[in-house]
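Please read it with the coordinates open.

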Amino acid sequence: MTAVPETPPLPDRTPVADVPEQEELFMHLEHDQLVAQTFRPVPPALLGRRAVIGLWALRIFAVLVSLMVIYTFIARLH
Amino acid sequence: MSTQDLTASPLLRQPLLSDEDVARSRDRSRVHLARHHDRRWHLLWLLVGPGILAMLGENDGPSMIAYASDGAQYGLGFFIPLIPILFAMAFVVQEMCMRVGAVTHRGYGELVLQRYGRVWGWFGAGDLCLTNLITLIAEFVAIRVGLAYFHLGAGVAVALGLILVLFTLSGGRYWRWERTVLGLALFNGLFLVAAILVKPHLGAVAGAFSFTPLPGGSLNTLLLLLASTIGATVTPWMIFFQQSASADKGMTPKDVAHGRYDTALGAVLAATFGIGALVAGASLLHHGSGIEAFAGAGIPAALARVSGGAVGTVFALGLIEAGAVAILTISASTAYAAGECIGVSHSFNSSPRKAAVFYAANIGVALIAAVVILIPGAPLLSIALNANVLATVLLPVSLVFVLTLANDRALMGRWVNRRSTNLIGIAVIVFVGVCGAAYGIDSFLQTVHLIGS
């Protein structure tokens, strides 16, 4: 059985234009630009093992250096 | 209304338009008309906005204080040629954000979250919220410093910032918000006026572009100013903001060329005004005992003492403008990120009733920052400089995802990065990462007395 991706709730989309006006308005928007379309999630991408390791390494490094900056900032206040 | 009702429109089974679609479509109809009638300047006028706002928004209070501190501490050399280089780096990053936003019609936060997983999406949003909150505090600080020159207190700074946020949100349209903030952002040119008023030696300004060697003095102070100057040009909020704003504006792949002009124009203006702040600050060289000398009384007061009251007044007004514009753009980037990550409506074209999270985040983050600056005795200059440093340290992770998204052929199709853009992008990530880490590690080791200062 294929799992159906969870779709976030759509915003309240009360129709705000009558039919002829809607036809004209549709002409100026690309189909995937409509709010209804942008609320459909894009399919997930598969990251390679190396990419995941690299991202986690960078993430941990950034957090460690951030903690150093915050510690230094607080220490220098005293 | 059921989902079936929404999709069973008489118009070729297309979904009904929401008020956000209608507002965006009306903006797009003007773009179509201008393009159809080949009105080039009008088309440019309609399509500029996110790029200029991201760049001039980043010429914010802490950035202008950082530039002026660079000038006051080291003079014109070294940092003057660095500013255009940093804005060239910012252009490369922001162009990618604009392109991804125009092609996918989605913001950075939602794309990272949906494409690479919730962990990375929420990490990005967390970084953004942390750096945005600290930066917003620094923006209120900048307004406070500017107003202090006119003998006005922190309460006025708080009121001014919050009234501006509420006023710009009251329009209910992206277009109105963008044009209001653009109008305010042009006053960033006051820093250029300040530079002209200090009557710099033009030969010395031109000579500074010949790249003087690294200035002497404390390595840690130099690293602090270097990291905060980088943080003054490329930051996480700019990434979130320009991609989301490009999508909210309704830009499409046809508009990518104009998006590039917009981003390039923003970079040129921001670099020019940034150099203006540095040149004005350089008039304080040999008149202070280090950057901390300008805290409290503020740079405008020091400029008034050294270069005359007019320079102090213009610089103070510039700081108020820089802080105000950044409060608006940074609050907006927080609101976009909150709406995108939670998966609810996130557009200036939506009403507050339909995009409650978006509007609440926009006002809420500004409100929290405003409350913090009312705390007496806060170390103002230190907060301003460290806000930029923290943004620099956290930036490489966001940059990696920008590069990944811009190379995602499934999303971008033929609009993926060229090899040269990737090479420059990687160089930017390495440069930003090394500079941020160098300051963070060096200051930490000094603080715990593992190395001498």
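The points below take up a helix pair, a nonpolar core and a chain contact in turn.

1. Please keep in mind throughout that this is a predicted model, and that the remarks which follow rest on computed values.

2. In chain B, helix 16 (residues 298–307) packs against helix 17 (residues 309–342) at an angle of about 160°, and their axes are 6 Å apart. Because angles over 145 degrees count as roughly antiparallel, helix 16 of chain B and helix 17 of chain B are described as roughly antiparallel to each other. The crossing of these two helices of chain B is right-handed.

3. On the helix 16 side of this contact in chain B one finds B:Ile299, B:Pro300, B:Ala301, B:Leu303, B:Ala304 and B:Ser307, which meet B:Gly309, B:Val311, B:Gly312, B:Phe315, B:Ala316 and B:Leu319 of helix 17. Sorted by class, the contact comprises nine nonpolar and three polar residues, with no charged ones.

4. The largest nonpolar core holds 162 residues, of which B:Val93, B:Phe140, B:Leu278, B:Ala280 and B:Val402 touch the most other members. Helix 17 of chain B gives the most to this core, contributing 20 residues. Leaving aside residues up to four places away in sequence, B:Leu278 touches B:Tyr67, B:Ala68, B:Asp70, B:Gly71, B:Phe79, B:Ile80 and B:Ile83.

5. Between the chains, 50 residues of chain B are in contact with 39 residues of chain A. On the chain B side, helix 2 (19–36), helix 7 (108–116), helix 19 (380–406) and helix 21 (419–447) each supply at least two of the residues touching chain A. By class, that side of chain B has 23 nonpolar, 18 polar and nine charged residues.

Note on methods. Residues numbered from 1 in each chain as written. Chains lettered and ligands numbered in written order. Predicted model: local features only at pLDDT ≥ 70, side-chain atom pairs only at ≥ 80, totals over all residues. Axes fitted to C-alpha atoms, helices over the stretch in contact; angles between N-to-C directions. Helix = DSSP H or I, 4+ residues; strand = E, 2+ residues; numbered from the N terminus. Parallel < 35°, antiparallel > 145°, perpendicular 65-115°, else oblique. Left-handed = near helix turned anticlockwise from the far one by under 90°. Contact = placed C-beta atoms within 7 Å. Nonpolar A, V, L, I, M, F, W, Y, C, P; charged D, E, K, R; others polar. Core = buried A, V, L, I, M, F, W, Y, C linked by C-beta atoms within 7 Å. Buried ≥ 20, exposed ≤ 12 C-beta atoms within 10 Å, placed from the backbone.
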